[in-house]
Amino acid sequence: RAANKALKALITTCAEQSPSEPDAVRNPWFKMAEATLVHSLKMGISTKDSTVRRSFVMLVSFVASSFNGCASERLFGDLRCLVREDDQELDFFLNVTHVQLHRRTRGLGRLRKMLSSDDQCNFFDQSLSNVLLPLALHPIYECKSKAEEPFVIEAIATVGIIAKHLKWSKYNSTLQSVLANLPRYPDQERFLIALVCAILDAFHFSVETGDSGTQSQGNGVWRTLNNRIIPKVDSYLVKEKVDHRGNRVTSLRPSIVLALMKLFQKLPVRTFEVKLPKLIATICNALKSKDSNKRDVARETMSKMAVSLELKYLPMILSELAVSLSEGYKLHVRSATLHSIVVALSKTHRSTGSTCALQDLPYDRCIPAMLDLI
């Protein structure tokens, strides 16, 4: 407690001694606050000890208040809007460190709504990367009971919103870190899988797959996606485990399939059309399972994929169904899957009522292929 008071006194002194003019960058107090103090705060926020972390989070709140209006991105002055001295129940830093679980959940929820309501983020990259993102990630790795699950779900949604505002370097390192941690945290696997999907859904970078056209950053993003991220995510499309008889069994991870499809849809059309058949084939392989529950999951995933895709890709799905499910009980599975797809499409695609528009619809061209599958 005495150390905390001493640090607050030091922060106050730094703020008072730092001029607001451009000369501030040469002021020794200002330089110490930026280089030494803030670096220590970032280390403290990243610690796994929640008690220690709480003290550092409150110090960040104090720094944000003390350096409010400061032009430096490293001193968290932009986080001052999250501090509410007039109403502690609305103070983000107090809520996110509160002993009551619902208060912590509410704190992250308010942050998520604030970030999602603004088209342009009002926070600096340093604040997003070094303060808000670590605070949202901690609950996902530290969940130990069922009562904490709503808090974790809110944390995953908050990370997804924050990821939409991150620069590529931080976005990439965060996603790579989560993928690397998946085998290390088996108890948190389903939360980490959901986290991977949330980050993939937040992908917002321009991608240029060729050597001409745009910028080197676009090509760099593509190289990282193609060589590291997509192959790594591909390895989690199917979960493998050994049953009680010693046999190896597999099960589809539908959330990963759909997240990867959404990522592919943000790539150039030619690249998307190259990547899509593998996803469809993965689902069809899951439909071959003799476990009815696994087939139900695969069938629902295929229906969601068909709805998310343009109708012109429906022949690709029908073709893979015809090749993969061609004998025995698989024929009945094929018919049931086709029925699910048609029902799902009927709920989302409505006729315009125009005779001209109905002359050459992609769906109409698929009718003969559908009849062959029945």
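In this predicted model, Trp 168 has a relative accessibility of 12% and therefore counts as buried, since the limit for that class is under 20%. Tyr 171, with a relative accessibility of 1%, counts as buried as well. Both residues belong to helix H8, which spans residues 168–181, and they are placed three residues apart, or about one turn of the helix.

The aromatic rings were then examined as pairs. A pair of aromatic rings is described by the distance of the centres and the angle of the planes. Under the rule that ring centres lie within 6.5 Å, nine aromatic pairs are counted. For Trp 168 and Tyr 171, the ring centres are 5.9 Å apart and the planes stand at 25 degrees, so this pair is classed as stacked, the cut-off for stacking being under 30 degrees. Trp 168 and Tyr 171 are also members of one aromatic cluster, which they form together with Phe 203 and Phe 205.

Helix H8 also meets helix H9, which comprises residues 189–201; the axes of the two helices come within 10 Å and cross at roughly 160 degrees. H8 is therefore roughly antiparallel to H9, as angles over 145 degrees are assigned to that class. The crossing of H8 and H9 is left-handed. On the H8 side, the contact is made by Tyr 171, Thr 174, Leu 175, Val 178, Leu 179 and Asn 181, and on the H9 side by Leu 192, Leu 195, Val 196, Ile 199 and Leu 200. Grouped by class, the residues in the contact of H8 with H9 comprise nine nonpolar and two polar residues, with no charged residues.

Technical notes:
Residues numbered from 1 in each chain as written. Predicted model: local features only at pLDDT ≥ 70, side-chain atom pairs only at ≥ 80, totals over all residues. Heavy atoms only, no water. Phe/Tyr/Trp six-rings, centres within 6.5 Å; stacked < 30°, edge-to-face > 60°. Helix = DSSP H or I, 4+ residues; strand = E, 2+ residues; numbered from the N terminus. Buried < 20%, exposed > 50% of the residue type's maximum accessible area, 1.4 Å probe, protein only. Axes fitted to C-alpha atoms, helices over the stretch in contact; angles between N-to-C directions. Parallel < 35°, antiparallel > 145°, perpendicular 65-115°, else oblique. Left-handed = near helix turned anticlockwise from the far one by under 90°. Contact = heavy atoms within 4.5 Å. Nonpolar A, V, L, I, M, F, W, Y, C, P; charged D, E, K, R; others polar.
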